[in-house]
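This report considers a pair of helices and a pocket. Please look at the sequence and the structure before reading on.

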Amino acid sequence: MTDVSLARVEAIVFDLGGVILEIDFDRVFASWAAFAGVAPGDIRARFSMDEAYERHERGEIGAGTYFESLRRSLGIGITDEQFAAGWNEMVRGEIAGVSEIIEATARRFPLYVFSNTNVMHHAHWGREHAALMHKFRRVFLSCELGLRKPDAAAFRRVAADIGVPLSNVLFFDDTAQNVEAARALGMQAVQVRSNQDLKRALVHL
């Protein structure tokens, strides 16, 4: 990744899901479908990252309110407890090999996480992966900031809190929309499809 400038990188920011931790929506849909007695494909087809989803990630509504919106959009009548059980199936373990990459990079650069997430998921992965999270100087959460990627204000807020110009931040995310938004603001951003994308970018640093 020759577009990453060694001279300008002062901080590295990682997305969480799809970069550091595995996420699997299909496990969520399968769980909800089992509780509701419908096919997982029916849930998958009706689910969307709609306004309620985004508000939940910005911390504007709680899990109960979000689950109520899902009852309407998905057409299922399962309980909050059943929704919660399935919801936490999304976040899986660490992506193989990523801990070693983080460990090596942390010796040279200050590392941060910026995740679009919600209070319930944070309570789940924050506890399960506390040791890995301690390698980062700060973990920025959309549900605490009230801002989420790819909004420009979210990136500006993170860079300001780190105390580094946007152009001196190297950002890794698995979502093309987030990477494009970061680049539009002058950030150095890399889309991650596998650990090889991380390694290719970081080898220059």
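## Basis of the description

Helices (H or I, at least four residues) and strands (E, at least two) are DSSP runs numbered from the N terminus. This is a predicted model, in which local features need pLDDT of at least 70 and side-chain atom pairs count only at pLDDT 80 or more, while totals for chains, interfaces and linings use all residues. Residues are numbered from 1 along each chain as its sequence is written, and side-chain values use heavy atoms, without hydrogens and water.

## The largest pocket

A pocket is, on a 1 Å grid over the protein atoms alone, an open set of points where a 1.4 Å probe fits, with protein on both sides within 12 Å along at least five of seven lines; lining residues have an atom within 4 Å of a point. The lining of the largest pocket comprises 27 residues, and Met49, Tyr53, Glu57, Asn116 and Arg148 lie nearest the centre.

Helices α3 (51-57), α7 (119-128) and α11 (176-184) each provide at least two lining residues. The greatest contribution is that of α3, with 3 residues.

## Helices α1 and α5

The axes (lines fitted to C-alpha atoms over the stretch in contact, with angles from 0 to 180 degrees between N-to-C directions) of α1 (residues 25-36) and α5 (residues 80-87) come within 8 Å and cross at roughly 155 degrees. The two helices are therefore roughly antiparallel, a term for angles over 145 degrees.

In this contact (heavy atoms within 4.5 Å), α1 contributes Val28, Ser31, Trp32 and Phe35, and α5 contributes Gln82, Phe83, Ala85, Gly86 and Trp87.

Definitions and conventions: Parallel < 35°, antiparallel > 145°, perpendicular 65-115°, else oblique.
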